[in-house]
Amino acid sequence: MELTLAQIAEFVDGELKGDGSIKIDGVAKVEDAKPGEITFITNPRYEKFIDTTNASAVLVGKDFPETSKTVIRTENAYFSFLKLLRYFHPHVEMLPEGIHPSAVIDETAVIGKNTRIGACVVVGKNSVIGENVQLYPGVVVGQDVEIGNNSLIFANVVFREQVRVGNNVIIHSGTVVGSDGFGFAREGEIYHKIPQVGIVIIEDNVEIGAGCTIDRATLGATIIRNGVKLDNLIQIAHNVEVGENTVIAAQTGISGSTKLGKNSIIGGQVGFVGHIEVGDGVTVAAQSGVSKPLPPNSVYFGYPARPIMQAKREEAAVRKLPDLLKRINELESKINELTK
Amino acid sequence: MELTLAQIAEFVDGELKGDGSIKIDGVAKVEDAKPGEITFITNPRYEKFIDTTNASAVLVGKDFPETSKTVIRTENAYFSFLKLLRYFHPHVEMLPEGIHPSAVIDETAVIGKNTRIGACVVVGKNSVIGENVQLYPGVVVGQDVEIGNNSLIFANVVFREQVRVGNNVIIHSGTVVGSDGFGFAREGEIYHKIPQVGIVIIEDNVEIGAGCTIDRATLGATIIRNGVKLDNLIQIAHNVEVGENTVIAAQTGISGSTKLGKNSIIGGQVGFVGHIEVGDGVTVAAQSGVSKPLPPNSVYFGYPARPIMQAKREEAAVRKLPDLLKRINELESKINELTK
Amino acid sequence: MELTLAQIAEFVDGELKGDGSIKIDGVAKVEDAKPGEITFITNPRYEKFIDTTNASAVLVGKDFPETSKTVIRTENAYFSFLKLLRYFHPHVEMLPEGIHPSAVIDETAVIGKNTRIGACVVVGKNSVIGENVQLYPGVVVGQDVEIGNNSLIFANVVFREQVRVGNNVIIHSGTVVGSDGFGFAREGEIYHKIPQVGIVIIEDNVEIGAGCTIDRATLGATIIRNGVKLDNLIQIAHNVEVGENTVIAAQTGISGSTKLGKNSIIGGQVGFVGHIEVGDGVTVAAQSGVSKPLPPNSVYFGYPARPIMQAKREEAAVRKLPDLLKRINELESKINELTK
């Protein structure tokens with residue numbers, strides 16, 4: 001698997017500064033890398049390691065500062081790192097071929113070619129699983145579920161009835177897709193359950209982390225659009241829609257019927273109220289609380305979420321408040337003296 | 001299943017304005033409804049859709065504005081919608097009758113009449129499952145557990161030993177009931193585990209969302225009272241008590257030994273410190289941090305949670321802070337001039 | 001199991017004030033205790049119960065106020081309570097001996113002596129499970145996993161491939177260890193998955209609550225050090241390290257590559273940004289948002305997290321803001337009059 005630095009530079013379409021004959025046999029983090037390994041620096045926090053890393057070479061961006069270290073400069077150093085990571089760590093199938101005899105597949109279910117199904121998996125009536133799918137042990141697929149081709153479903157994921165999952169989808173362990181939305185009609189002090197008769201649609205190329213909960217719609221569909229990436233322990237309520245290629249960090253919650261745009265970046269532990277529309281290309285900082293619709297291409301922060309420049313100005317002012325109190329006390333005594 | 005609008009008006013005890021002979025064959029959301037369907041508007045945010053919806057009729061409240069649209073006015077339009085939803089979407093059993101042969105039921109366990117048990121369910125020693133219960137695939141019931149009649153337990157829920165669940169309870173997938181409370185006695189730098197020998201009691205008519213964790217008591221019981229509704233990913237610590245008909249939104253956490261009153265409404269991502277009592281009829285806004293006991297019938301907001309009017313006044317003042325800084329700078333220079 | 005108070009005083013190395021011949025047959029919470037039981041008061045909030053508890057005696061600290069109640073004073077009353085709790089509630093094994101026939105153990109896996117494996121457990125290729133381990137029903141152990149001796153793994157926990165778990169570890173139900181880190185290389189609007197080829201190391205004497213997600217490292221290892229205690233629904237991202245004997249309350253999230261020191265106490269619903277180092281002996285209050293490295297032995301609070309004295313001063317000032325606005329208005333009109 002060994003490559004020379006010259007070969008690597010060609011492979012990642014980069015510009016090598018250093019000895020192209022050096023041999024590389026692995027990729028490692030900048031703090032851990034040993035001679036013979038290549039590493040990468042894409043986060044400015046780690047630039048300081050350039051002089052101390054034991055790596056034989058470092059992948060960096062085109063605008064990385066001058067250095068005496070052997071470097072390969074590329075347009076997108078993180079993407080180059082990804083290519084090398086895939087080269088040095090080729091994918092290994094963890095799930096044995098075929099359908100484990102302990103799996104309980106309803107006789108009406110349809111299972112595609114080359115699909116692997118682990119021990120103690122349950123697949124319900126009329127469900128259709130595509131080709132090259134992997135269902136790890138303990139996955140429970142309800143009735144009338146559709147799962148597209150090449151999707152990878154890790155252990156103990158649950159799909160309730162009628163959920164539709166696209167192609168090339170990855171869902172990590174313990175996630176629940178299609179649980180009932182949280183809907184009740186109040187009559188005096190009693191809450192009556194609203195039947196949740198809608199579905200969940202997960203489009204292609206979506207990745208969903210571990211321990212997430214994606215509720216089905218009351219009516220219609222909860223929709224996770226093409227290319228969306230969700231981290232762990234995220235709550236998606238009934239009738240929510242998350243737009244294409246939007247990325248959401250861990251422990252964020254989106255309340256019922258809220259629609260997020262595409263190409264947005266949402267931090268961790270953010271909360272969205274229900275029934276709002278958030279524009280495309282939005283960034284929301286971690287732990288923000290979004291209580292109103294957000295315009296496209298905006299950056300929001302805080303609780304409640306405000307445009308980031310405003311929020312930071314206000315935060316800075318809060319830092320000065322104790323001092324401000326003193327200044328106002330002084331002003332008042334000066335005025336009192338003057339008016340005497 | 002088709003009904004005329006006149007029949008529907010009678011069914012929901014409402015007042016029809018429009019042609020009673022129009023035939024309706026389904027219910028839909030106001031944005032999605034097609035001719036032949038009825039919809040509802042109960043949230044003011046959606047009132048704007050009254051003129052554009054393709055629905056043949058709209059369920060609205062008694063005080064909904066005058067409109068040329070065909071409407072049925074009722075006292076509780078959302079509850080009327082619920083009745084129609086149940087009519088047009090009658091409940092369909094998803095779990096086959098009987099006990100799946102792959103289920104592992106201890107020989108000392110007692111299973112009630114008409115109870116359905118899915119594949120790969122495990123029921124421990126001396127547990128008693130009532131009548132008409134449904135245990136979906138992958139549910140694990142520990143020893144000495146009691147589950148009442150008509151309860152619906154979705155896939156991969158876990159009950160630890162001695163947990164008691166009432167009648168008509170619904171618990172969604174992946175939820176854990178009866179895990180150990182988080183209790184340690186510190187001795188120097190070491191934490192010694194406090195055995196958690198209490199139980200969890202879930203009373204009747206409770207609904208618990210997906211991915212929740214309900215810890216058992218250290219001693220005594222963690223109690224979820226009659227009619228409580230919990231959304232997804234909620235943390236209930238040891239010895240917590242949630243009062244009757246209280247509703248809690250997703251990702252909220254309640255620390256050990258805290259007691260919530262009845263008929264309260266708690267937003268999402270709220271945190272409660274331990275060892276406090278919160279009165280009945282309390283409303284706490286999303287993302288609030290409750291660090292002190294709250295009086296009954298109060299409305300709290302913020303971090304730390306304060307009475308909502310106070311919190312909003314303070315929030316509004318923070319919005320003015322950067323401007324305030326300028327005004328104080330001006331005041332100071334004016335005073336300096338005056339005192340010269 | 002009955003003990004006299006004199007025997008208990010000796011057992012916990014405490015000083016009895018009262019009648020040593022009184023017989024005690026159980027431990028209970030101060031509000032619930034009945035005659036014949038002993039209770040404890042270690043939290044000042046509960047001191048008021050000293051006069052009303054029905055317990056026959058109360059364990060208290062050396063500095064507890066004078067009282068006419070029968071008390072046993074010890075150096076560490078909570079630890080004494082723990083000793084009594086263990087005495088009156090000896091551990092009962094809940095999982096039957098041996099390996100349940102429905103468990104699916106790969107033929108290459110190695111299972112230690114006296115290890116108990118419940119129904120529908122799955123153990124993958126080449127995994128090594130130590131002695132006296134308990135794997136409750138529905139646990140899924142991937143390939144090449146190592147679990148040390150005496151570890152207790154509750155129902156439906158998932159271990160992905162290559163995860164290493166130490167001795168005397170407890171992991172509660174539904175927790176996922178070794179899910180992929182959340183890493184993508186962006187190319188235009190598309191996110192390409194970074195293979196997560198690192199592992200998770202959980203050292204000895206760790207306890208992890210229910211519903212947690214512990215991601216594997218991108219490269220290298222995510223590490224939970226000896227003696228760490230994690231509550232429920234906690235998110236640990238890729239390459240995070242949590243130092244020895246650090247305790248973290250529920251629903252906290254730690255972003256990628258952040259390192260927490262040892263002997264720290266982290267409240268619930270706290271968020272840490274990625275790529276920071278937090279010193280040893282740190283306390284972070286609940287719901288704080290930590291966006292910068294924290295020095296050792298510091299106490300932080302708020303959003304964003306600040307030293308607690310500063311944060312409280314600023315919070316107090318915010319409380320005064322509406323009043324401040326009035327004072328500034330008055331100052332301005334006074335100045336205007338003066339300058340006229």
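Visitor: How many residues of chain A are in contact with chain B, and how many of chain B with chain A?
Guide: Please note that this is a predicted model. Two residues are in contact if their C-beta atoms, placed from the backbone, lie within 7 Å. On that basis, the contact joins 53 residues of chain A to 56 residues of chain B.

Visitor: Which element gives the largest share of the side of chain A that touches chain B?
Guide: The elements that contribute two or more residues to this side are β20 (176-179), β21 (184-187), β22 (190-193) and α3 (308-339) of chain A. By class, the side has 26 nonpolar, 17 polar and ten charged residues. The largest share, twelve residues, is given by α3(A).

Visitor: Are α4(B) and α4(C) roughly parallel or roughly antiparallel?
Guide: The axes of helix α4 (residues 321-339) of chain B and helix α4 (residues 321-339) of chain C come within 11 Å and cross at roughly 30°. Angles under 35 degrees count as roughly parallel. Therefore α4(B) and α4(C) are roughly parallel.

Visitor: How many residues of the contact of α4(B) with α4(C) are nonpolar, polar and charged?
Guide: On the side of α4(B), the residues include L324(B), I328(B) and L331(B). Those of α4(C) include I335(C), E332(C) and T339(C). The residues of this contact comprise nine nonpolar, one polar and three charged.

Technical notes: Residues numbered from 1 in each chain as written. Chains lettered and ligands numbered in written order. Predicted model: local features only at pLDDT ≥ 70, side-chain atom pairs only at ≥ 80, totals over all residues. Axes fitted to C-alpha atoms, helices over the stretch in contact; angles between N-to-C directions. Helix = DSSP H or I, 4+ residues; strand = E, 2+ residues; numbered from the N terminus. Parallel < 35°, antiparallel > 145°, perpendicular 65-115°, else oblique. Nonpolar A, V, L, I, M, F, W, Y, C, P; charged D, E, K, R; others polar.
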